[in-house]
Structure formats: C-alpha cells, structure tokens
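Here are some exercises to work through with the model open beside you. Try each task before you read its solution.

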Amino acid sequence: MALFAVFQTSFLLALLSLRAYQSEVLVEPLPLTPESLNVSIDSAHQYLNLQWSVHSLAYYQELKMLFQIQISRMKTSNVIWVGNYSTVVKRDPVLHWSWKSELPLECATHFVRMRSRVDDAKIPEPRFWSNWSSWKEADAQKSLGRDPLFLFPKDKLVEEGSNVTICYMSRNQQDNISCYLEGQQIHGEQLDSNVSAFKLNKVSFIRKTGTNIFCKVDQKDVIKGIVLFVSKVLEEPKDFSCETQDFKTLTCTWDPGTDTSLPKRSSQSYTLFESFSGKKILCEHKNSCNWQVDSDSQEMYNFTLVAENALGNRSVSVLFSLTHRVHPKTPYNLFLKNVSGTKATVTWKVHPIGNYSTLLCQLDLLGEGNVIQQHNVSIKENGEYLLSELEPDTEYMARVRCADANHFWKWSGSISQKFITAEAAPSEALDVWRNVKSVSGRPTVTLFWKPLSKLHANGKILSYNVTVENLDRLSGLEVHSVPATANGTELTLDQDSYQIHVTALNSAGPSPASVIVVSGDPGNEEVEEERVNGTEDGFSVSWKPQSGKAIGYVVEWCDHPQDLPCDLQWKNLSSNTTSTVISSGAFRPGVRYNFRIYEISTERMAYLLEKKAGYLKELAPSDNPQVVVSNLTSHSFTLSWKDYSTDSQPGFIQGYYVYLRSKAEKECHPGFKKATLPDKSACCQHRIDNPEQKTFVMENLQPESVYEFLVTPYTSAGSGPLDAFTKVTTPDEYSHILIRIILPMIVCVLLIMITCYLKSQWMKEKCYPDIPDPYKSNVLSLIKSKENPHLTIMNVSDCVPDAIEVIHKPEGSKIQFLGASKSLTETEFTKPAYLYLLPAEKNYSGPGPCICFENLTYNEAAADSGSCGHFPVTPEALPGQPGPLTSPENLLKALEKNYMNSLGETAAGEASLNYVSQLASQMSGDKDSLPANPPEPVLCSEYKMQMAIPLGLASPPPAENSGLSSTTPLDQSEHYR
Amino acid sequence: MLPAAGEPAAGDSWGMLACLCTVLWHLPAVPALNRTGDPGPGPSIQKTYDLTRYLEHQLRSLAGTYLNYLGPPFNEPDFNPPRLGAETLPRATVNLDVWRSLNDKLRLTQNYEAYSHLLCYLRGLNRQAATAELRRSLAHFCTSLQGLLGSIAGVMAALGYPLPQPLPGTEPTWAPGPAHSDFLQKMDDFWLLKELQTWLWRSAKDFNRLKKKMQTPAAAVTLHLEAHGF
C-alpha cells in the first residue's frame with residue numbers, strides 16, 4: 001500500500017514534471033501577457049487611450065494576436081464593457097487602442113485590464129489566454145479643482161440626432177442639486193452618491209448658439225452650465241458636375257445642402273480629389289471649385305468631392321471625359337446687317353474652344369416673344385446667317401447660343417439683338433365702304449375704310465389718297481389726300497356716277513387701289529324690312545341673289561344704333577355667298593340692329609338688296625307709352641298713344657295690353673278678361689295684337705265713376721311695367737248739357753261787365769254825373785230852341801261871391817283823376833278841406849306852404865296835368881288850421897283858366913308853363929300825423945305827378961290888393977262859409 | 001514758409017505760437033470765459049441725460065434680442081446668476097451714501113471710464129454675433145454709446161475736468177481664455193448687458209443730479225482754469 005502510494009506520488013511528480021516541461025516547450029517562446037499597460041484620458045473626445053507592449057516574440061517576426069479588454073467603472077468589479085482587439089504584433093511593439101466612453105470620463109473613475117492570446121495560424125492549437133494584466137485606473141477627477149459642482153462634458157459638439165450623456169459631480173453629498181435643459185428641469189440617474197448622469201436621446205438642433213444645460217446647488221450661489229452644440233447633419237453634396245469652357249479650367253459645382261456651421265466652430269469644408277492624377281485641392285467656396293487642366297494629355301477625370309466638418313465627412317464622385325463636358329462661353333458681337341423689308345443677315349463670334357473643336361450654334365428669330373424661325377449653324381469662330389421670309393416693318397429679335405458640336409453637353413449663354421425690318425408698300429387694298437345721303441339736294445358720299453392690319457400695312461401709313469373719277473362726263477380726276485389718322489372722308493358729288501379709288505400710302509409706296517362706284521341715284525330704297533333672330537353667336541343673315549351678276553355682297557350695320565355716329569360696320573362677302581353670321585362684341589341685348597344687304601355689281605356699284613332687323617335678345621319694354629285721354633263722356637273715353645315709337649324699343653312690339661280697374665265694377669267689360677297684377681290686385685285686361693293700333697276706346701262705363709287704366713306694350717320677352725295706373729273719372733250724364741248752357745251765359749255776362757267797366761266814365765257822364773254840366777244839359781237846348789236865343793248859362797265869373805262853401809268830405813280819401821283809370825292815394829286828400837282862402841292881410845308873411853287845389857267838377861280835361869295851384873300860405877295855414885289864404889279873384893281866374901284849358905282853348909300867351917317837380921316833402925314821411933309846429937319854410941306838401949301850372953297861378957297874388965274876401969277862421973269841425 | 005526748428009529766432013516764435021495754440025485749445029475749458037453768450041454746461045448735461053434715457057430704451061430691445069439669441073435660461077426674467085467671470089466689468093451698483101458723496105469730477109470720471117470699458121466689451125460681443133441682424137443692432141448701439149461717451153467728455157471739458165487716461169496694458173479685452181467655457185461666455189454676455197443697463201440707470205440719476213446742481217448756483221460761477229501744458 002505504501003509502495004503504491006510512493007509509486008503514485010512519483011508518477012504524479014513525473015507527470016507534473018513532464019507537464020511542466022511540455023508547457024515550457026510550448027509557452028515559453030510566447031510569454032504574451034500584455035505589459036506596461038498605460039491608460040490616459042482624452043477629455044475632449046471622451047476617449048480612454050490604452051497603450052501596452054508585448055515582449056519576446058523570439059521566433060516570429062510578427063504574430064497575429066487577440067487582446068481581450070475589460071473596463072470597469074467606479075470599482076473594478078463593476079465591469080461595464082468587455083471587448084476583443086485583434087492585431088498583428090511585430091517585434092517589440094507598442095500597441096495602442098482607444099475606447100470611447102458615453103459617460104464623461106471626469107464623472108467616474110474607470111479601470112482597465114487586458115489579457116492576450118495568439119490568434120495566428122502559425123501556432124498550432126490549442127491556444128490559451130494569458131493571465132489578466134493588473135487593473136489600471138483612469139481618474140480624471142484628480143485634476144479637477146475644488147469647486148463644489150462640476151458638469152460634464154464641457155461645450156460638446158454633436159450631430160443632430162445623436163445620443164449624449166451628461167453628468168454632474170458634486171463635492172458635497174448634502175447638496176441638493178437641480179439641473180435644467182433649456183430652462184426645463186431634468187432628472188437623471190444617480191451613479192454614485194456624488195454623481196448623476198442624464199442621457200439625452202436624439203438631440204435636435206435648437207439654435208446656433210447651442211443648447212444650454214445648467215445645474216445649480218439649491219440655497220447656494222453655485223451654478224454650473226455647459227453648452228451642447230448640436231450641428232445639423234452634414235449632407236452629401238448634390239448635383240455634383242464639372243465642365244470646361246476653354247479646356248484650361250474645369251469648374252465643378254454642387255449643391256452643398258444644409259449649412260452645418262456654428263459660431264466659433266469651423267464650418268464644413270470641401271476637398272476635390274482627382275484619382276488619375278492623384279491631385280487634391282481645398283475648395284474656396286462651398287458650392288464650386290476650379291481645377292486647372294494641366295495639359296491635353298489627360299482625357300478622363302475621376303473627381304471625388306469630400307465634404308467635411310468636425311463631426312464627419314460625406315463624399316461623392318464623378319467620372320467623365322473632358323471633351324464631353326464642354327460648356328462654351330456666351331457668343332459675342334452679334335450684329336444685324338443688310339436689313340431689308342424681308343431679309344437680314346446676322347453675324348456673331350464665339351470664343352474658340354481648342355484647336356479642332358466645332359461649335360453648333362442655334363439661331364432663333366423671335367417675333368413678339370415667340371420663336372418664329374430656328375436655324376442651326378456649325379462654326380469655328382465666326383458665325384453668319386441670312387434670315388429671310390421676314391415681314392416688313394416688323395420688330396424681331398435674333399438670339400444665338402452655342403454648344404459643342406461633337407458632344408453636346410450644355411448650351412452656352414444666349415446673346416440677342418433686336419432689329420426692325422424696312423418698310424414696304426402696303427400689300428392689300430383697303431376695305432372701303434360708303435354711305436350715300438342727300439344733303440341740301442346734293443348726294444353726299446361718306447367713305448369709310450378699315451385701317452390696314454400691321455401685316456398688310458408694311459410700315460407706317462402716312463396718308464390715304466382718294467381719287468374721284470366722273471364716269472358720266474369727261475372731266476379731270478379729283479384727288480383728295482386724307483390724313484393717316486382718319487378712317488374715312490366725305491365727298492359732295494352730283495347726280496352723276498363716280499368711280500372712287502382709295503389707296504393707303506406709306507414711305508415705300510401706295511397700296512393697291514380699292515375701287516367703289518357711287519351714283520347720285522340712291523336706287524331702290526323701298527325694300528321691305530324683315531326680321532332676323534339673334535343668337536349667342538350673332539345674327540344669322542341670309543339673302544336671295546337678284547341679278548346673278550353680283551361680284552360680291554356687303555352687309556352693313558351699326559354697332560351702336562342709338563348713338564350718333566352709329567359706328568357703321570360692314571362685312572364683305574363673296575358672290576357665291578348667300579348667308580353669313582354677323583357677330584360683334586358691341587352687340588347688346590335689347591338693342592335693335594338693322595342690317596342692310598347690298599349687292600355689288602360688276603360695275604362695283606352697290607344696290608340695296610334686303611333689309612333685316614333683329615335683336616340679339618329681345619327684352620320686355622322698360623317704359624310704357626304716354627297715353628292721352630280724350631273724348632271723355634259719362635260712358636266712354638278714348639286712349640291714344642300715337643307718339644309711341646315701336647322701332648326704338650328693346651324688342652319687337654307685338655301689341656299692347658290695356659288694363660282697366662274700377663272699384664264700382666267687379667265684372668270686366670266685353671273684350672276684357674280678368675288679370676292679376678303683381679301686387680295681387682285684380683283688374684281687367686284687354687289685348688291689342690296690332691302694334692300699330694295706338695288708340696283704344698273704353699266704352700260701357702258708368703257715369704261719375706273712377707276708372708284706372710294702364711296701357712303697356714309687350715314683346716316676346718314680356719310686357720312693360722305694370723305700375724303707374726292713370727285715374728279717369730267719368731262725368732255726370734247731364735253735366736255736358738249744363739256746360740253747354742251755362743258756359744255761354746257766363747261769357748256773355750263777363751263781356752257785359754268788362755264793357756261796362758271800360759266805358760264806366762262815359763256811362764257816368766251820361767247817366768249819373770256828379771255835377772251836371774249845364775252846357776250839356778238837355779234843358780239848355782230846350783230853352784235855346786224855344787225861348788231866348790241869347791240866353792246863356794250864368795258864368796261863375798259873372799257873380800261876385802261873398803262866400804265859398806267848402807264841403808267837408810271826409811270819405812274822399814281816394815281821388816279818381818278824370819281821364820285816368822288809376823287812382824292815387826294822397827294823404828293830403830284825407831284832410832277835410834281842399835281850399836283855404838287867404839285871410840286878411842295881417843297874417844300873410846311871404847312865401848309859405850303851397851296848397852293843392854283840386855276841382856273835381858270843372859277840371860275835366862286837366863287829368864294829365866292836374867289842377868294843383870300853388871298858393872303861398874302862412875305856416876299857420878295848415879290843414880289842421882284851415883283859413884282863407886288867397887283872394888277869390890285870383891282863385892276865380894285860375895278856375896276860369898282851368899276851365900278854358902279843359903276845353904282845349906289854351907291861349908298862346910299861356911304856353912309858358914311852370915313845371916313843378918315831384919318832390920318829397922319833409923313831412924311826407926309822416927303823413928298821417930302832422931306835427932303841431934311844422935318846420936319852416938314849408939314846401940309843397942306832395943305831388944304825385946308832374947303837372948303844368950300856368951304862371952299866373954304859380955305866383956301868389958299880393959294879399960293887400962285883394963280885398964274881395966275876408967273870412968273868419970272857424971272851428972275845424974264846422975263848415976266854412 | 002515755416003522756419004526751421006533749430007534756428008534761435010524761429011524757435012522763439014515757435015514757442016510763442018505753441019503757447020498761443022495751447023491757450024486757444026484750453027479756452028473752451030474755462031467756464032468763466034464760456035459764459036459770454038454761452039449757456040454753459042447745462043444744455044450739454046441735459047443732452048447727456050436725454051441720451052442716457054434714449055440708450056436705456058434702445059438697450060431694452062437689444063438686450064431682449066440678444067438674450068433670446070443666447071437661449072434659456074439667459075432670456076428668463078428671473079434668471080440671476082452669480083457674477084462669475086464678469087469681475088472685470090465695471091460695477092454700476094454702489095452704496096447710496098458713497099454715491100451721494102461723490103463729487104462732480106469723480107462722478108463724471110466713473111461714468112466715462114465705465115462706458116469706455118463697456119463699449120469695448122460690447123464691440124467684442126458684436127464681433128462674435130452670428131446673425132447679421134444682431135450685428136447691425138449691436139453696431140448701432142455701439143455708435144450710440146460712443147456718442148454718449150463723447151457727450152460725457154464734452155460735459156467734463158465744459159466743467160474743466162480732464163478726461164481719465166487709460167493706463168497702458170489695462171485695455172479691456174474680450175478674448176476668452178482657453179478655460180473660458182461657452183456657458184461662462186454667455187454668462188459674461190448676460191452680465192455685460194445687465195451692467196450696461198444698470199449703468200444707464202445710474203447715469204440718468206448722475207446727470208439729473210448734475211443738471212439740478214448746475215441750475216441752482218447760476219450766480220456763483222467759479223473760475224476753474226485747468227492749464228495743462230503750462
């Protein structure tokens with residue numbers, strides 16, 4: 001048993017020694033445990049940089065090896081990452097490897113260890129892992145200061161959409177820390193008692209100045225912040241292409257896409273790399289780059305454009321042949337020469353491209369913006385082309401662009417030049433029409449023509465020539481020149497036939513003549529008018545040929561028939577046409593258009609063929625006729641509207657409706673039918689179908705009744721407005737008889753009254769004179785004839801009066817002058833006395849107020865001159881204090897003279913008269929209330945008319961010579977004697 | 001033809017000319033002499049006061065735009081961070097008693113120095129601004145602030161005070177150091193605008209006080225002759 005134990009022990013020892021030998025043989029040349037492991041921190045990029053070496057690769061120059069790396073955080077047991085790194089190890093190598101940490105390395109201590117294994121085919125299996133290296137610590141916190149709070153990473157730049165982890169670390173565990181992202185509080189994961197981390201997923205771009213994140217210690221004035229710069233994603237350049245204009249420079253362009261630049265951060269850059277030549281240039285611009293072509297030897301180019309910013313790069317490539325990327329420069333020196341009316345030569349130049357290149361140039365001819373002609377011309381350097389088929393006096397534009405003739409890549413820029421072709425004589429004859437009318441018995445022809453279109457005018461029309469030739473008599477040609485602005489002219493001719501030639505002239509010559517023949521005889525105008533229907537397209541007019549020898553037809557109408565001038569229009573039609581559609585933008589519904597169709601004979605004379613009238617669309621009449629009521633009797637009246645014109649209505653008048661309504665009658669008269677008006681009221685309607693019947697007799701009416709009627713025309717579109725009814729009251733049945741008797745009687749009475757009024761004076765004299773004229777008395781003739789032939793009537797002068805009675809006539813405020821129909825209102829006449837006699841000489845004191853003497857009885861013929869005598873009176877001798885002022889002798893003389901004058905026997909010696917002008921008295925302003933002490937001297941009271949007064953009366957008689965009368969002033973209320 | 005400086009006779013005349021020029025140069029600084037037909041410093045103080053009010057108004061809109069450009073929390077109304085990296089900025093806040101005890105010269109000198117520094121910082125801010133619109137607004141404000149500085153200098157000259165000379169090497173710069181993080185930079189910008197606003201408030205008070213002071217002692221004019229160079 002002991003032997004067995006010894007044997008077993010020795011066997012095991014032998015086995016162990018063998019095993020040790022074997023392992024020594026196999027492993028000894030490969031002591032592969034990583035040595036000198038060193039860990040450093042790259043805070044800016046959050047990298048843990050590992051550096052180590054592998055020794056004693058004695059038998060091998062190089063060996064592929066696999067390294068397994070473990071990374072722990074906070075403590076070695078907390079392994080957060082395990083990974084393999086395979087590389088080829090050379091003799092005495094120093095190996096490097098980096099690990100990027102999501103968590104900012106400052107926030108936690110990291111530990112790293114590794115082991116290795118041969119992973120090379122030269123070494124047979126089995127292969128074993130080496131031992132782990134010792135843990136190496138990476139601690140960034142040591143280098144931090146004594147601040148109470150830290151926030152990491154500092155001012156990091158990330159691409160939009162990436163994930164970012166932020167952490168803070170506080171020195172004091174007791175501190176309560178809150179963090180904010182863009183003002184919003186965020187909550188993270190606590191890694192340690194002092195460390196917390198926040199994971200931001202898919203961060204987005206907010207602003208160029210970055211996203212602000214800050215943490216602060218509550219209750220303390222401690223704040224720490226970072227700015228997270230989020231860059232836009234760098235895009236791959238789009239539309240990358242290169243081209244050359246001269247085989248010397250290649251210009252590459254692209255669309256850079258979104259700008260990823262941020263303030264204080266380098267912007268994205270672009271690098272152009274050509275793989276065949278191996279050259280590389282940094283582009284100055286973000287969207288283009290110029291590449292110098294060194295020689296002609298390189299035909300193919302393979303460009304790679306690399307866009308790069310701090311976070312990455314994007315690239316795009318293009319492979320091309322240089323000759324296929326020719327973009328010629330814009331042609332230059334484009335000129336037009338030898339420009340005629342229809343032709344022009346275009347010349348231009350191009351920049352040469354290499355020695356053998358040919359350019360294909362495209363020449364466009366544009367008119368009014370549209371390409372009219374297009375020509376392709378192959379040229380080397382100078383281009384020339386003859387443009388033809390041009391229109392005279394037209395503006396064109398020549399435009400040239402070129403491209404490589406062999407390998408089309410792109411058109412060059414265009415060069416263009418405007419030009420105007422020369423004028424040519426008008427190519428077409430004018431479209432002429434005429435209107436013949438008779439002015440003062442002479443036919444007057446108004447010629448109209450349509451201006452030539454630009455196409456036919458071939459230039460600016462300077463004038464029109466109108467040549468008139470008499471066809472009936474041999475006479476010279478009459479030439480009229482009409483200015484270019486006119487579209488017609490008027491000619492006054494006689495009854496002969498005339499041939500008129502009209503031509504248009506421009507600077508190049510006249511147009512072909514337009515010939516028209518007119519005659520003084522207007523021909524047959526009595527053509528019955530027909531109706532024509534209008535449609536949306538216009539009026540469809542047709543006619544029947546008459547002579548069969550027509551060379552054409554003309555349809556004539558007015559665009560604005562209600563205006564003056566009516567804008568005459570015409571349309572020429574060929575001889576084989578018998579219908580046409582007349583359309584015009586001026587046609588309006590409700591307007592009557594008259595069409596006249598003329599046949600043009602071989603002699604070019606126009607004969608009226610047909611007349612048509614129509615409406616584009618008939619409308620209902622807008623107005624009702626003015627109706628006159630006549631023959632009004634107690635049972636009937638007549639309505640007439642003869643002034644109503646049926647031609648100027650908005651439709652063909654087909655007839656009239658006569659409406660009648662009456663409160664007295666409920667039933668309609670025969671011929672009427674019941675109708676309802678728009679206001680729901682009932683009435684009776686009578687229809688007149690003949691538009692020319694413009695009278696209507698209303699019969700069978702009730703006397704002394706009120707009737708209302710309305711006459712309204714109707715067209716196919718309806719009737720006129722049913723609004724204004726007219727009232728008629730039928731008279732009494734006997735009223736007409738009464739009128740026949742009473743009216744003449746009234747007239748007779750009136751005539752008598754007027755006669756009496758006009759002859760009232762005569763009547764008065766004859767029948768009831770105020771003071772009978774003794775000379776005219778019948779008694780006188782009776783006495784004369786029978787008794788004493790010498791017997792005369794006693795004259796006043798024969799008597800010596802001893803007193804004059806003045807009759808007080810208070811009612812005589814209105815004096816009627818004899819011989820004059822008008823009356824004068826004189827305030828003085830309202831006073832009770834007319835005559836004041838001069839008192840005894842004691843009171844007279846020179847000139848005083850004069851007095852108006854009015855003898856109404858004797859002064860018959862003195863109506864024109866009046867019979868007012870002027871007598872000086874004392875101031876006291878006023879109407880209020882009457883008294884005798886003048887001598888009876890003078891007075892009698894005056895009376896006598898007046899009387900004689902009235903008989904028309906005025907003596908020659910008395911022709912000298914004193915005219916007393918009509919003066920306004922100082923007292924005239926207060927006629928009714930005379931002052932007690934009137935101002936002196938007192939003038940004549942009032943004269944209403946200019947009177948002739950004999951001189952003898954004008955001068956006052958001396959008072960002392962007249963001792964004829966002497967009266968005592970009496971009381972005003974008494975009569976004077 | 002100017003005489004050569006080395007000639008003795010010419011040297012005398014040059015000296016006299018220089019003397020005359022110096023006297024003429026300082027004439028505007030003699031308030032007593034300026035009073036003939038000159039309303040004195042009153043109007044220019046008033047103008048300076050008006051300018052501070054105008055700038056205050058202008059800054060309100062500029063600060064709003066710029067703080068929005070910086071982003072939250074800088075544009076939040078209640079954000080009041082500690083004055084970390086802005087120690088170099090001239091402080092506008094001062095004890096009330098100290099402020100009252102300032103004499104006119106010191107008061108004006110402090111204003112002048114503060115705006116000189118603030119203007120320099122503001123120009124640095126302008127250079128960093130990312131948008132053209134913001135650069136335009138800042139440049140406009142800088143021009144206005146330059147005007148205020150000139151106006152203060154005018155008042156000082158009218159009162160006969162010398163302008164403070166900047167010490168060599170103390171020119172304020174706005175180049176952030178390598179350790180100056182972007183967040184701290186934003187804090188500095190924030191404080192610059194805040195200090196600027198406080199300074200404008202203070203200046204308005206300063207010039208209002210000065211204005212009132214100048215109005216009252218109209219009769220008591222002291223001859224204050226600063227004769228530099230003599």
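**Exercise 1. Strand partners**

Which residue in strand 43 of chain A is the bridge partner of A:Ser542? Then follow the pairing back along chain A to the hairpin.

Solution. Keep in mind that this is a predicted model.

- Step 1: Start at A:Ser542, whose bridge partner in strand 43 is A:Ser579.
- Step 2: Strand 40 and strand 43 (residues 579–582) of chain A run antiparallel and are joined by four bridges.
- Step 3: Turn to another partner of strand 40. Strand 39 (residues 529–535) of chain A pairs with strand 40 (residues 538–542) of chain A, again in the antiparallel sense, over two bridges.
- Step 4: Find the connection. Two residues make up the hairpin that links strand 39 to strand 40 of chain A.
- Step 5: Check one bridge of this pair: A:Thr535 has A:Gly538 in strand 40 as its bridge partner.

**Exercise 2. Backbone exceptions**

Where are the cis peptide bonds between A:Phe152 and A:Pro153 and between B:Pro72 and B:Pro73, and what is the phi of A:Asp239?

Solution. 

- Step 1: Recall the background: most peptide bonds are trans, and most residues other than glycine have a negative phi.
- Step 2: Go to chain A. The bond between A:Phe152 and A:Pro153 is cis, with omega about 0°; A:Pro153 sits in the loop between strand 8 (149–152) and strand 9 (157–159) of chain A.
- Step 3: Go to chain B. B:Pro72 and B:Pro73 are joined by a cis bond with omega about 10°, and B:Pro73 belongs to the loop between helix 3 and helix 4 (96–101) of chain B.
- Step 4: Check phi. A:Asp239 is not a glycine, yet its phi is positive, about 55°; this residue A:Asp239 is part of strand 17 of chain A.

**Exercise 3. The interface**

Describe the interface of chain B and chain A by its area and its polar contacts.

Solution. 

- Step 1: Count residues: 19 residues of chain B contact 19 residues of chain A.
- Step 2: Take the area. About 1,500 Å² is buried between the chains, and carbon and sulfur atoms give 60% of this.
- Step 3: Identify the chain B residues that lose the most area to chain A. They are B:Pro72, B:Asp182 and B:Phe183, together 40% of what that side buries.
- Step 4: Assign elements. Helix 3 (42–70) and helix 7 (182–215) of chain B are the elements that give two or more residues to this side, and helix 7 supplies the largest share, five residues.
- Step 5: Sort the chain B side by type: twelve nonpolar, four polar and three charged residues.
- Step 6: Finish with specific pairs. The rule finds six residue pairs in polar contact across the interface and zero salt bridges.

Conventions:
Residues numbered from 1 in each chain as written. Chains lettered and ligands numbered in written order. Predicted model: local features only at pLDDT ≥ 70, side-chain atom pairs only at ≥ 80, totals over all residues. Heavy atoms only, no water. Contact = heavy atoms within 4.5 Å. Buried area = accessible area lost by both parts, 1.4 Å probe. Salt bridge = Lys/Arg side-chain N within 4 Å of Asp/Glu carboxyl O. Polar contact = N/O pair within 3.5 Å; in protein donor to acceptor, adjacent residues only side chain to side chain. Nonpolar A, V, L, I, M, F, W, Y, C, P; charged D, E, K, R; others polar. Pairing = 2+ DSSP bridges.
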